[in-house]
Amino acid sequence: MQREDLRDLLWFLEVAKEQSFTKAAAALGTSQSTLSYTIKQLEARLGVRLLTRTTRSVATTEAGERLLQSLAPRFQEIEADLAALVAFREKPSGTVRLTLSDHALQTTVWPKLSRVLVDYPDIRVELYSDNGMRNIVEERFDAGVRLGESVDKDMIAVRISPDWRLRAVASPEYLIKYGIPTAPQDLVGHVCINMRQATWGGFYAWEFEKDGRELRVRVDGQLSFNSSISQVEAALGGYGIAYVPEDLVEEHVAARRLEAVLDEWSQPFTGYHLYYPSRRQMSPAMTVIVDALRHRSQ
């Protein structure tokens with residue numbers, strides 16, 4: 001069977017369904033004369049007459065009715081299969097890879113994603129947690145999470161959290177033993193719990209600001225981690241002063257398991273942002289992730 005035969009059969013089905021060359025031609029987007037000629041050619045190839053034409057109506061012959069009953073269900077199955085393929089294409093599916101910090105993962109990303117992923121079983125999410133500044137294009141991530149001020153200008157950035165700040169905290173026992181720092185410079189003489197930055201391999205310089213004056217202090221101590229949550233645990237154990245996201249220590253400070261120091265020097269950051277390349281077209285799965293994570297002010 002030639003490709004033209006399939007087209008001609010489809011056109012025959014349309015005429016038989018509409019019982020009119022005029023209506024069928026309009027539905028097919030062709031002229032009535034072209035449609036009539038095509039059906040005549042089909043009848044000539046098959047050697048039977050398929051349609052009876054009068055000035056007022058069109059009806060199938062016995063052979064035409066038999067052909068109609070045979071073809072119609074098959075073409076309906078094909079149409080259903082094609083519709084299913086379109087639905088599959090538009091249905092959110094596939095893998096989305098994100099790079100982010102442990103704090104962003106546990107306090108922002110996972111609480112939001114866990115509420116929506118159950119509705120999208122065909123979406124797979126890979127969450128790569130570290131505190132590095134990954135090149136998402138080179139390392140083949142679909143998106144990353146950073147503080148808004150750290151996102152490159154050529155990226156699309158979507159805010160996913162409110163502003164937040166770091167707080168310097170220590171156990172009461174530590175502060176009784178070593179004293180309370182009253183200025184960021186005092187931290188140089190204290191035992192501090194460090195954060196190693198994965199990208200550059202060095203330690204994070206603690207950033208402070210007060211009355212427009214900015215300070216960066218490089219601290220030292222017995223312990224270093226690449227996880228804010230581990231830093232909090234170490235501070236609770238009395239191992240030194242940690243500089244960690246406020247929401248990780250609010251309950252501990254309220255319960256006096258930890259005490260905050262240098263609060264007046266701690267200013268808010270511009271919140272977490274999901275970022276991805278501006279030139280990349282978003283997949284349906286990525287669209288679901290972005291919408292789920294988007295920050296919505298109360």
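1. A word to start with: a residue is called buried under 20% relative accessible area, exposed over 50%, and partly exposed in between. With 24% relative accessibility, Arg 97 therefore counts as partly exposed. Please keep in mind as you read on that this is a predicted model.

2. Because Glu 126 belongs to strand β4 (residues 123–129) and Arg 97 to strand β3, the pair ties together parts that are 29 residues apart in sequence. Glu 126 is partly exposed as well, its relative accessible area being 42%.

3. How many salt bridges does a search of the whole structure find? There are 13 of them.

4. Glu 14 and Lys 17 form a salt bridge in which the closest N and O atoms are 3.5 Å apart. The two residues are 3 apart in helix α1 (residues 3–18), so about one helical turn separates them.

5. Next, have a look at Asp 263 and Arg 165, a salt bridge whose closest N and O atoms are 3.7 Å apart. This pair links distant parts of the chain, 98 residues apart: Asp 263 is in the loop between β13 (259–261) and β14, and Arg 165 is in the loop between β6 (155–159) and β7 (166–170). Asp 263 counts as partly exposed at 25% relative accessibility, and Arg 165 counts as buried at 18%. Both residues also belong to a network of salt bridges that links Arg 165, Arg 167, Glu 246 and Asp 263.

6. Now to the largest pocket, which has a volume of about 730 Å³. Its lining is made up of 32 residues, and those nearest the centre are Asn 131, Met 133, Leu 147, Gln 197 and Tyr 204. Two or more lining residues come from each of β3 (94–100), α5 (102–116), β5 (143–147), α7 (228–236), β12 (241–245) and β14 (272–277). Which element gives the most to this lining? That is β5, with 3 residues.

7. Sorted by class, the largest pocket is lined by 16 nonpolar, 9 polar and 7 charged residues.

Note on methods: Residues are numbered from 1 along each chain as its sequence is written. This is a predicted model: local features need pLDDT of at least 70, side-chain atom pairs count only at pLDDT 80 or more; totals for chains, interfaces and linings use all residues. Side-chain values use heavy atoms; hydrogens and water are left out. On a 1 Å grid over the protein atoms alone, a cavity is a set of points where a 1.4 Å probe fits but cannot get out, and a pocket is an open set with protein on both sides within 12 Å along at least five of seven lines; lining residues have an atom within 4 Å of a point. Grid points are joined across faces, edges and corners, and a volume is the space filled by probe spheres set on the points. Helices (H or I, at least four residues) and strands (E, at least two) are DSSP runs, numbered from the N terminus. Ala, Val, Leu, Ile, Met, Phe, Trp, Tyr, Cys and Pro count as nonpolar, Asp, Glu, Lys and Arg as charged, and the others, Gly among them, as polar. A salt bridge is a side-chain nitrogen of Lys or Arg within 4 Å of a carboxyl oxygen of Asp or Glu. Buried means under 20% relative accessible area, exposed over 50%, partly exposed in between (1.4 Å probe, protein chains only).
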